[in-house]
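Biologist: Hi! I'm new to this one, could you walk me through it?
Modeller: Happy to, let me bring it up.

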Amino acid sequence: MQKESVLFVVLSTVTIFVWFFFFAPTPSQQIPQQQAQTVVTHVAEIRNTNLNKPDIMQHIEEECVNIETGKYKAVLTNKGAAVLSWAIKEKNGEWVDLVFPESAPVLANFSGSIYKIVSKSNEKIVFEHDSRQGWIITKTYNFSDFYMNSLTIAIEKIDEVSVPRIDIDWGPGLGTDNKELKENITLTRALAYTVDKPHKLKKLKIDSELAPLYQWTAIDNRYFLVAFIPEAPTDFDRIIPARLDKKHPYSLALTATMPKEINKKEYHINFYLGPKGYTYLKTYNLGLEKTVDFGFFGFLGKIAFSVLTFFYQLTRNYGWAIIMITIVIQILVLPLTLKSLKSAAAMKRIQPIIKDIQTKYKDNPQRLQAEMLNVYRSQKVNPLGGCLPMLLQLPIFWAFFTMLRNAYELRNAHWVLWVNDLSAADHFMQIGSFSVHLLPLLMGLGIFFQQRMTAATSDPTQRRIMYIMPILFTFMFWAFPSGLVIYWITNSAISMIEQYFVIKKDEVRVKHS
């Protein structure tokens, strides 16, 4: 491989490592109990800054209610009329609880209060609390068979009193499955989507925002989303995100203050609680699909996802769909690839001449440079000809990389044999406590043979670098989702076929010249 090809591989590796170590999650397990309690206390202070604590209805005992549909099962409590657990069912039949146990309960109002359960069914639960301070709060959860549900909070004044602030709160954090826990905290975001056009998705920090400016607010992680969509955003005052530091996830509160001049008020909120499937989220026509992160080259990622979905509809298998879209990408960049490969073949062909010149003029740098330039001109070889085409392909590669990394559709998606989850590393076999991933090993072998085909340098240092690259890439991709590794293996296999024909054609041309 010529210097420019080595440079490309190094640049690609550095780019991926920069993303993996600075923008991808840092190792961090689920929220430690003591730290989580600190976050919960902090959020509780935000939620109840103007709360006159209501009397607890001592004669009512705490009671939990279970709700189960085909897509989720929830546990609610009459203490604060809150949610203790909300687990969704994934394609492999496993349940993922989106409420951290340390964060429960969520969606509580006046968490020290015990509500009366007025009615309960799989479609609706009605909670009611008489504050004994001159107002009554009624919370009604309406459940559907899908991930979008609704909550209505009704306040009625009995006397001329001020009603404490009403909060719709979540967190800190959003749950996920075990294999995603270590990256979950750093990937959890607080978001808001503007009312005015052109609609924009804003990443919230710790500063509060005016609620009427936003159509909905949300917390998400890589694969899951909880979003609150008020029917009337002007009913709410502020959106308050909270976070202790980067080692803790975000919490979120949507706040409302009941006007003093009215005696009755209802707040209607739809809430989405489920996976971030891009195609599914688009069906709501609310902009929720914008929470799916397609990266810096997002427009290319969306195109790649649309093509991937098309091939999935043909094959009904995302693994084969990835292979097919990789072939399409290779066809699209074929002119750039051929230019790069021809440059590589030419550089390999003139290496003996270059080596002789380097030996002959090693003590005369100026003459050495002049003679090498003369060889490049006479042989019509551009030493940088293979680098630029490869660099131009980086946006396409990066967009596809990010799309595969974040597409919920690949979760628990089976390809063949042992590859049962394209969003996770393939588990081929277990040796003691060590899990063997076969796909990265195959990828490393492919990169090794690909380099052997195009090796154009006799410099020992450069050759060592080239042979280190397969090991480096194998190590780097070891824990990456198998869908990404399938893409890279396919890409390498196609490149090797192209290289073979380019090299053979160059040999024939030289033989007859």
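**Salt bridges and a helix**

Modeller: Let's start with a pair: R189 is buried, and so is D220, where buried means under 20% relative accessible area, exposed over 50% and partly exposed in between (1.4 Å probe, protein chains only). Before we go on, this is a predicted model, where local features need pLDDT of at least 70, side-chain atom pairs count only at pLDDT 80 or more, and totals for chains, interfaces and linings use all residues. Residues are numbered from 1 along each chain as its sequence is written, and side-chain values use heavy atoms, with hydrogens and water left out.

Biologist: Okay, what do R189 and D220 form?
Modeller: A salt bridge, with the closest N and O atoms 2.6 Å apart. The term stands for a side-chain nitrogen of Lys or Arg within 4 Å of a carboxyl oxygen of Asp or Glu. R189 lies in strand β10 (residues 189–194) and D220 in strand β13 (residues 214–220), so the bridge ties together parts 31 residues apart in sequence. Strands (E, at least two residues) and helices (H or I, at least four) are DSSP runs, numbered from the N terminus.

Biologist: And which residue does K276 form a salt bridge with?
Modeller: With D220, at 2.8 Å between the closest N and O atoms. That pair links distant parts of the chain, 56 residues apart, as K276 is in the loop between β17 (264–275) and α4 (278–282) while D220 is in strand β13.

Biologist: Why does K276 count as buried?
Modeller: Because its relative accessibility is 3%. For D220 the relative accessible area is 0%.

Biologist: How many salt bridges does the count come to?
Modeller: It comes to 11. Another one joins the side chains of E63 and K120, at 2.9 Å from N to O. E63 lies in the loop between α2 (33–47) and β1 (64–68), and K120 in strand β5 (residues 116–120), so this pair ties together parts 57 residues apart in sequence.

Biologist: How accessible is K120?
Modeller: K120 is at 48% relative accessibility, so it counts as partly exposed. E63 is partly exposed too, at 33%.

Biologist: Switching topic, how many residues does helix α5 have?
Modeller: Helix α5 (residues 298–315) has 18. From first C-alpha to last it reaches 25 Å, close to the 26 Å expected, which is 1.5 Å times one less than the number of residues.

Biologist: Which residues of α5 are buried?
Modeller: They are G298, G301, A304, F305, L308, T309 and F311.

Biologist: What comes just after α5?
Modeller: R316, which takes a positive phi of about 60 degrees.
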